[in-house]
Amino acid sequence: MNVLVGVSGGVAAYKAAHLVRELGRRGHAVRVVMTEAATRFIGPVTFTGLTGAPPVVDLWDARYAGEVHVELAAWADALVVAPATANLLARAASGVADDALTATILCFDGPRLFAPAMHARMWAQPATRRNAARLAEDGAILVGPVEGALASGEVGLGRMAEPEAIADAVERLLRRDLVGRTVVVSAGGTCEDLDPVRFLGNRSTGRMGYAIAERAAARGARAILVTGPSALATPPGAERVDVRSARDMEAAIGRVRAEADAIVMAAAVADYRPAALATDKIAKSDGPLTLELVRNPDILAGLGAWRAGPRPVLVGFALETRDVLERARAKRAKKRVDLVVANRAADALGTTTNRAIFVDDDGDETLPELDKRALADRILDWIGARLGQLGRPGAGN
Ligand SMILES: Cc1cc2nc3c(=O)[nH]c(=O)nc-3n(C[C@H](O)[C@H](O)[C@H](O)COP(=O)(O)O)c2cc1C
């Protein structure tokens, strides 16, 4: 793969040389683009020696023919900025393109990764956190910073992740291990209409399911995203099916389930719907209003009962406010689900990160707090491993 390494001006810039060497050692072609400030911390000639070509520093350098940022962005399969200074995060988050690195970042539409490195107080600033969150929201992966010794001699959260960890993250981002697989993902909350203007809904934003569909598509799968109403953009490469109610969702999944190697039910599906849909807006009266609700289909249990053999791999979510693990175990057994991803409502709803517990045949594993994309990758890793054990469809095992 072609990996473009961006280096900005912090003390950790010397570690970018290790990163470049590590990526090269792993068989990737590497080119480097530096900010002017980065050249104060590490000599460009170091990267010339490591990559065989001088790094790009100056957008206006007459040695480059034409638009060097366009050419670099077209060449790269992935872009990793390490170290990413507070200044660089701010410029990238707001779309500034006033030097070779930021112009290239803006020109690049593939997977991008930032490894922030700065003094702990710079990282703790609301402005920096906002910029980092904005980049993550726009699709970038952030690796680190980690807790440790800082250049100032203090210890704190701001140290750049180690080059090996960054190289691992780059490789995870570039994985194409799900080529030939179809992953169906449900996402978002369902809406159960009461009358022409009102509905019963829930607080799900769809972020978790969208992240799974995004990462599945990026890893080479055909990703079919069956989504309740959501403000989120369709992930690149995913096929999107919009639905409204639980029954719509059941029907939409029913149409594609036979094509699936894996089905991930990340949607927050309403358990109940109004017994009747009023044709006119329900008028208010002085007394209380009683709504009669009836059970919706249990889509996950239906899928568990339907699949004849080991396929498709079935993943469900258990969102609970208490007794998370016990309820997740019970759900897995009752609904014949392969993996239950259990989480607390407070950790999962409306957030960009999640703290989850995997409950499977082997027991349970508590994961650290992860960005929803990173959690999506962990779920897809689990699915990939299970599909690997089952073998390819038609392989006779
Ligand atoms: C000795 C020294 C060390 C610095 N280390 C860092 C750092 O680790 N992280 C950071 O965000 N800024 C650091 N800075 C500040 C940046 O170099 C400065 O914000 C610069 O404008 C960054 O430019 P760039 O983002 O275009 O590379 C340091 C400055 C100096 C003088």
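## Around arginine 336

Arginine 336 counts as partly exposed, because 15 other C-beta atoms lie within 10 Å; the classes here are buried for 20 or more other C-beta atoms within 10 Å of a residue's own, exposed for 12 or fewer, and partly exposed in between, with C-beta atoms placed from the backbone. The residue lies in the loop between α13 and β17. Its phi is positive, about 55°, although arginine 336 is not a glycine. Helices (H or I, at least four residues) and strands (E, at least two) are DSSP runs, numbered from the N terminus.

A word on ground rules: this is a predicted model, where local features need pLDDT of at least 70, side-chain atom pairs count only at pLDDT 80 or more, and totals for chains, interfaces and linings use all residues. Residues are numbered from 1 along each chain as its sequence is written.

Helix α13 covers residues 324–335, so 12 residues, and reaches 16 Å from its first C-alpha to its last, close to the 16 Å expected at 1.5 Å a residue. That expected span is 1.5 Å times one less than the number of residues. Ala328, Lys331, Arg332 and Lys335 of α13 are buried. They sit on the same side of α13 because they cover an arc of only 100° around the axis, the arc being that of the directions from the helix axis to the C-beta atoms. On the other side of α13, Glu326, Ala333 and Lys334 are exposed.

What covers the buried residues of α13? The cover includes α12 (299–306), β16 (313–320), β17 (339–344) and β19 (356–360). Contact here asks for C-beta atoms, placed from the backbone, within 7 Å. Aspartate 323 is found in the loop between β16 and α13, and has a positive phi near 50° in a residue other than glycine. Aspartate 323 counts as exposed because it has 10 C-beta neighbours inside 10 Å.

## Helix α8

Helix α8 (residues 126–137) has 12 residues too, and its first and last C-alpha atoms are 16 Å apart, close to the expected 16 Å. Its buried residues include Thr128, Asn131, Ala132 and Leu135. These cover an arc of only 95° around the axis, which puts them on the same side of α8. Pro126, Arg129 and Glu137 are exposed, on the face turned away from that buried side.

The buried residues of α8 pack against α5, β4 (112–116), α7 (120–124) and β5. Just after α8 comes glycine 139, with a positive phi of about 110°.

## Nonpolar cores

In soluble globular proteins, nonpolar side chains tend to be buried together. The largest nonpolar core here has 59 residues, and Val5, Val80, Ala82, Leu113, Ala115, Ile166 and Val170 touch the most other members. A core is a set of buried Ala, Val, Leu, Ile, Met, Phe, Trp, Tyr and Cys residues joined through C-beta atoms within 7 Å. Strand β3 gives the most to this core, with 6 residues. Apart from it lies another core of 58 residues, with Val184, Leu300, Ala318 and Leu380 among them.

Alanine 115 has contacts beyond four places in sequence that include Val80, Ala82, Pro83, Val143, Met160 and Ile166. Methionine 265, in strand β13 (residues 262–265), is buried because 26 other C-beta atoms lie within 10 Å. Leaving aside neighbours within four places in sequence, methionine 265 is in contact with Ser186, Ile299, Leu300, Val315, Gly316 and Phe317. Tyrosine 210 is 55 residues away from methionine 265 in sequence and 11 Å away in space, C-alpha to C-alpha.

## The ligand shell

Which residues come nearest to the ligand? Of the 15 around it, they are Ser8, Gly9, Gly10, Ala37 and Thr85; a residue is near if its C-beta atom, placed from the backbone, lies within 6 Å. Helix α5 (residues 86–93) gives the most to the shell, with 3 residues.

By class, the shell has 9 nonpolar, 6 polar and no charged residues. For this count, Ala, Val, Leu, Ile, Met, Phe, Trp, Tyr, Cys and Pro are nonpolar, Asp, Glu, Lys and Arg are charged, and the others, Gly among them, are polar.

## Cis peptide bonds

The peptide bond from alanine 82 to proline 83 is cis, with omega near -5°, and proline 83 lies in strand β3 (residues 78–84). The bond from glycine 144 to proline 145 is cis as well, with omega near 5°. Proline 145 has its place in the loop between β5 (141–142) and β6 (146–149).

How values were computed
Two residues are in contact if their C-beta atoms, placed from the backbone, lie within 7 Å.
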